[in-house]
Each structure stands twice: as structure tokens, then as C-alpha cells.
Amino acid sequence: MHISDFMDLSLLQEIQDRFSDATGLAAIAVDAQGRYLTEGSNFTDFCMKYTRASKVGNQRCVKCDNECTGTYYCHAGLMDFSNDIIVDGVKVGAMIGGQVLPTEPDENKFRDIAKELGIDENAYVQAVRKVPVRSEKAIRAAAEFLGIVVNQMVNLEYLKSRDTKRLKTFDDGLQSATDSVEAIRNNTRKLDDISTKQNILSLNASIEAARAGMTGAGFAVVAKQMGDLSQQSKTIYQEIERLSEEIYATVSKMNKN
């Protein structure tokens with residue numbers, strides 16, 4: 001199952017962008033394999049231009065991406081989040097982001113981190129000064145809120161898509177049933193016509209047998225049996241036609257509704 005199979009990703013992008021504009025937190029949607037579904041919102045130079053651009057920093061970031069869930073502190077001291085997107089009990093993706101500080105940055109600490117990652121200390125400190133600062137409580141609340149909103153929206157789109165497909169299947173089945181009933185009605189009329197012709201032939205045969213006298217006695221018995229079978233067939237065909245008319249009326253009513 002892939003989100004794009006049942007949802008317009010531009011809607012997900014809009015929710016994500018509005019969330020980032022309102023909270024200052026970075027955000028992006030990924031599928032179950034970690035591939036990006038949306039464009040990143042509010043990504044910081046501190047993370048993207050410096051930390052992830054460093055070989056060691058990128059390795060640590062990838063480790064956090066793969067192993068951390070919920071709201072957590074990343075290796076560089078920022079707060080990030082990862083909220084699974086669950087549809088029908090299956091993980092179809094996640095909303096990840098954060099790139100925000102819970103307190104004003106300790107510049108000496110970030111100089112030490114820059115040394116570990118092989119990044120210019122002054123540039124790194126300048127970048128961390130531009131990172132949004134929010135309280136830890138606000139960060140956790142915002143991340144949880146995004147997870148709830150996105151999960152509700154994605155599941156709603158999934159249900160809408162599933163119901164649409166079911167209705168189409170129902171409509172197709174209904175049309176097929178209508179066609180089948182119409183075919184039964186037509187064939188029953190043909191059989192009824194054949195039964196009528198058989199009855200006429202039986203009467204003609206009886207007349208000819210009567211003219212033949214004793215010579216045609218055996219033929220008269222056969223003619224009578226043909227007439228009886230013809231009458232029984234006609235009764236059966238009429239019952240089939242009556243039932244098919246009832247089914248046709250029911251199906252037609254369903255089509256109108």
C-alpha cells in the first residue's frame with residue numbers, strides 16, 4: 001500500500017507547510033521505505049548545509065532517522081520527531097522533522113560538536129543561532145498534534161478511495177446483473193414462442209392421426225404427449241419470465257437509487 005495510491009500528496013504538503021509556518025518546526029513526509037513524499041518545510045542550514053553535509057554528521061543523522069521514534073534529542077543536541085502514519089493497521093509512512101532547540105544554544109557545546117564532525121566552528125555557531133527555539137513541552141505537543149492530524153487525514157482519504165472503488169464495483173456488478181436479467185427475459189420469450197409452435201404442431205399431428213383412423217393411433221398418443229409437454233413448458237417459461245420481471249424491477253430500482 002502506498003499513500004499516493006489513494007491520496008493527493010499536495011494535500012499532505014499543504015498540511016505540512018502550514019504546520020511548519022505555525023510552529024517553526026521542520027517537517028517532511030516519507031513512505032514506508034523512507035523515500036520522500038513531500039518537499040521539506042522549514043529545514044535549517046544547521047542540519048542540512050552543515051551537519052548532514054559532514055560525512056560523520058550524516059552517518060549519525062541517518063542512524064537517528066532509522067532508530068528513533070516519537071520526539072527525541074538528536075546527536076547534535078536538537079529536538080526531532082518521527083510519527084508513523086498507520087492505515088488499516090499497516091505503516092505506510094511517517095512524518096519526520098523537528099530541527100529545533102528546546103533552549104538557547106550553548107555555543108561552546110556546539111563548537112565541540114563542530115570539531116567532532118569536521119565543520120568550521122564559527123560557521124556552525126552562526127547556523128545554530130538561526131535555529132528556532134521552542135520549549136520542550138511545545139515541541140512535543142506540536143509533533144504529537146501533527147501526527148494526529150496527518151493520520152486522521154490520510155485514513156479519511158483512504159476510506160474515501162476504498163468506498164469509491166467499492167461503489168464502482170457495485171455499479172459494475174449491478175449493470176452486469178441488469179444485462180443478464182434482460183438476456184433471460186429475451187430468451188424466455190423465445191422459448192415461450194417455441195412452446196406455442198410445438199403446441200400447434202401437436203394439434204396438427206392429432207388431427208392428422210384422427211384422419212388416419214386405427215393406423216394413426218400410435219401417432220396420436222405421441223402427439224398428445226407432445227402437447228402435454230408443450231403446455232408444461234409454457235407454464236415453466238411463464239414462471240421464469242415472472243421471476244425475471246421481478247428481478248429486473250428490483251435491479252432497476254437499485255440503479256435509480
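This is a predicted model: local features need pLDDT of at least 70, side-chain atom pairs count only at pLDDT 80 or more; totals for chains, interfaces and linings use all residues.
User: What makes up the secondary structure of the chain, and in what order do the elements run?

Analyst: The chain comes to seven helices and four strands. From the N terminus on, the order is α-β-α-α-β-β-β-α-α-α-α. Of its 257 residues, 37% count as buried. Among contacts between residues at least 6 apart in sequence, 62% join residues at least 24 apart.

User: Why is Thr 38 called buried?

Analyst: Buried means under 20% relative accessible area. Thr 38 has a relative accessible area of 7%, so it is buried. Thr 38 is found in the loop between E1 and H2. Leaving out residues up to four places away in sequence, Thr 38 touches Leu 9, Leu 12, Gln 13, Gln 16, Ile 28 and Ala 29.

User: What makes the pairing of Thr 38 with Gln 16 a polar contact?

Analyst: The limit for such a pair of N or O atoms is 3.5 Å. The side chains of Thr 38 and Gln 16 are joined at 2.6 Å, which is within that limit. The side chain of Thr 38 also reaches the backbone nitrogen of Ala 29, at 2.9 Å.

User: How do you know that Thr 71 is buried rather than partly exposed?

Analyst: The cut-off for buried is under 20%, and Thr 71 has 19% relative accessibility, so it counts as buried. Thr 71 lies in strand E2, residues 70-73. Beyond its neighbours within four places in sequence, Thr 71 is in contact with Met 79, Asp 80, Phe 81, Ile 139, Arg 140 and Ala 143.

User: Is Ser 161 buried or exposed, and which residue is 155 places from it in sequence?

Analyst: At 16% relative accessibility, Ser 161 counts as buried, since the term applies under 20%. Ser 161 is found in helix H6, residues 136-212.

User: What can be said of the phi of Gln 99, and is Gln 99 buried or exposed?

Analyst: Gln 99 has a positive phi of about 50 degrees although it is not a glycine. Its place is in strand E4. With 7% relative accessibility, Gln 99 counts as buried.

User: Which residues of helix H4 are buried, and how do you know on which side of H4 they lie?

Analyst: In H4, residues 107-117, the buried residues are Phe 110, Ile 113, Ala 114 and Leu 117. They cover an arc of only 105 degrees around the axis, which puts them on the same side of H4. An α-helix has 3.6 residues a turn, so residues three or four places apart point the same way. The cover over the buried residues of H4 includes helix H2 (45-51), helix H3 (55-67) and helix H5 (121-128). On the face turned away from the buried side, H4 carries the exposed residues Asn 108 and Lys 115.

User: How is the largest pocket described, and which residues and elements line it?

Analyst: The largest pocket has a volume of about 500 Å³. It is lined by 32 residues, of which Val 30, Arg 52, Asp 65, Asn 66 and Ile 96 are the closest to its centre. Strand E1 (26-31), H2, H3, strand E3 (79-87) and strand E4 (90-100) each supply at least two lining residues. E4 gives the largest share, six residues. By class, the lining has 17 nonpolar, nine polar and six charged residues.

Methods. Residues are numbered from 1 along each chain as its sequence is written. Side-chain values use heavy atoms; hydrogens and water are left out. Buried means under 20% relative accessible area, exposed over 50%, partly exposed in between (1.4 Å probe, protein chains only). The arc is that of the directions from the helix axis to the C-beta atoms. Contact means heavy atoms within 4.5 Å. On a 1 Å grid over the protein atoms alone, a cavity is a set of points where a 1.4 Å probe fits but cannot get out, and a pocket is an open set with protein on both sides within 12 Å along at least five of seven lines; lining residues have an atom within 4 Å of a point. Grid points are joined across faces, edges and corners, and a volume is the space filled by probe spheres set on the points. Ala, Val, Leu, Ile, Met, Phe, Trp, Tyr, Cys and Pro count as nonpolar, Asp, Glu, Lys and Arg as charged, and the others, Gly among them, as polar. A polar contact is a pair of N or O atoms within 3.5 Å; within protein, one must be able to donate a hydrogen and the other to accept it, and residues adjacent in sequence count only if both atoms are side-chain atoms.
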